[in-house]
Amino acid sequence: MLNNIQIGPLTIHMYGLMVGIGFAAAYMISCKQAEKKGLNSDIIWGILICAILGILIGSRLLFYAVSIPQIIKDPSILWNFKNGYVVYGGLIFGVLFGYIYCMKKKVSFFKYLDLAMPSVSVAQGFGRIGCFFAGCCYGRETDSWFYIIYTHSDFAPNNTALIPTQLLSSAGNFVIAAVLFWYSSKSKTDGSTGAFYMILYSTGRFIIEIFRNDNRGFIGSLSTSQLISIAVFILGILFMAVLKKRDTKIKTLSDF
C-alpha cells in the first residue's frame, strides 16, 4: 500500500487527499441539510473553519499529553508535525471552537451540532481511508484471511499481515453517519443527535482499540482512547437524559 502516488511531476499524498475529501464532503452535506432545516449555510462555513483550527490544535495537544515519556526521551517530537495527531483531541477542540463561534454569532449551538455530527462521521470515514493508505493506526498481527501487508509504510510494520483496523473504523464511521442521518430526521430534540453521536462513536472506538497495535498511550490495560471513550459514552448518556428531561418539562408546561 502506497501513500504517495507519483503522476509525472505531481505527487499525490493519499492521506491528505482523503482528509480533504472528507472535509469537503462534510461541508457540502451540511450545507444541503441546512437548506432542508432552514439554517444558515454561511454559519456552516464559519463553523467548519473554526472546527478545522480546533482539530489541528486539539489533536496535537492530546498527542503531546499521551506521549510525555517519548517526548522526554526525544524532545524533537514536539516540532515534528509529519505525524502525531489524536482524533479525540481534535473532536473535543473542534466542538469547543464551534461552540464559541455559535455563541459569538448568537445562533443555536445544539441545532448546528445536530446538523454537523452526521457529516463529521462521513469526514471521519474518509479520514480513516487516508490512515489505511498511510499505514498509521494499524492493527495487530493476524493469520486470518482479512489482512493488509504494507511494504513501504513509514508507520506500520512492513511485510507483516495486519488487521486493517483503518478500514473497519472507516466502515463503522459511515454506518454511524447513516444511523445519525436517520435519527436526525426523526428527532425533535435539539442536541440529541450530538448526544447520540457521542454514544455511538465512543462505543465503536472502544471496540476498535482492542484490535489496534500502534503506540497510542496506555493507562493500565486500557488505551488512552478507551478511557476517553468510557467518559464520552457516559457523558453522551447523561446529555441525552438531560435533553429528554428538559423536553418533557417543556411539554408539560405547554399543556397548562
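User: Where is the place of Lys106?

Analyst: Happy to start there. This is a predicted model, in which local features need pLDDT of at least 70 and side-chain atom pairs count only at pLDDT 80 or more, while totals for chains, interfaces and linings use all residues. Residues are numbered from 1 along each chain as its sequence is written, and side-chain values use heavy atoms, with hydrogens and water left out. With helices (H or I, at least four residues) and strands (E, at least two) taken as DSSP runs numbered from the N terminus, Lys106 falls in the loop between helix 4 and helix 5.

User: Does Lys106 count as buried or exposed, and at what relative accessibility?

Analyst: Lys106 is not a glycine, yet has a positive phi of about 60 degrees. Buried means under 20% relative accessible area, exposed over 50% and partly exposed in between (1.4 Å probe, protein chains only). Lys106 therefore counts as exposed, at 76%.

User: And Cys137: is it buried or exposed, and with what relative accessible area?

Analyst: Cys137 is another non-glycine residue with a positive phi of about 60 degrees. Its place is in the loop between helix 5 and strand 3 (148-149). Cys137 is buried, because its relative accessible area is 15%.

User: Which residue takes a positive phi in the hairpin of strand 1 and strand 2?

Analyst: Strand 1 (residues 4-7) pairs with strand 2 (residues 10-13) in the antiparallel sense, over four bridges; pairing needs at least two DSSP bridges between the strands. Ile7 stands opposite Leu10 in strand 2. Two residues lie between the strands, and the one with a positive phi near 60 degrees is Gly8.

User: Which residues is Ile44 in contact with, leaving aside its neighbours within four places in sequence?

Analyst: Contact here means heavy atoms within 4.5 Å. With those neighbours set aside, the partners of Ile44 are Tyr27, Ser30, Cys31, Ala34, Tyr112 and Leu115.

User: Which residues does Gln33 touch, not counting residues up to four places away in sequence?

Analyst: Gln33 lies in helix 1. Its relative accessibility is 18%, so Gln33 counts as buried. Beyond the residues up to four places away, Gln33 touches Leu115 and Phe181.

User: What separates the C-alpha atoms of Phe93 and Lys37?

Analyst: Phe93 lies in helix 4 and, at 25% relative accessibility, counts as partly exposed. Leaving aside neighbours within four places in sequence, Phe93 is in contact with Gly54, Ile57, Gly58 and Leu61. Lys37 is 56 residues away along the chain, and the C-alpha separation is 26 Å.

User: How far apart in sequence are the parts that Lys111 and Asp190 tie together?

Analyst: Lys111 and Asp190 form a salt bridge, with the closest N and O atoms 3.1 Å apart; the term means a side-chain nitrogen of Lys or Arg within 4 Å of a carboxyl oxygen of Asp or Glu. Lys111 is in helix 5 and Asp190 in the loop between helix 6 and helix 7, so the parts that the pair ties together are apart in sequence by 79 residues.

User: Which residues are linked in a network of salt bridges?

Analyst: Arg205 and Glu209 meet in a salt bridge (2.9 Å, N to O), and both residues are buried. Asp214 forms a salt bridge with Arg212, the closest N and O atoms being 2.6 Å apart. The network links Arg205, Glu209, Arg212 and Asp214.

User: Which helix gives the most to the nonpolar patch?

Analyst: The surface patch covers about 690 Å², and Ile219, Leu227 and Phe233 are among its residues. Patch residues have over 30% relative accessible area and no salt bridge; like charges are joined within 9 Å, nonpolar side chains (Val, Leu, Ile, Met, Phe, Trp, Tyr) within 5 Å, and areas come from the Shrake-Rupley method with a 1.4 Å probe, only the protein chains shown counting as cover for residues. Ile230, another member, is partly exposed at 36% relative accessibility. With seven residues, the element that gives the most is helix 8.
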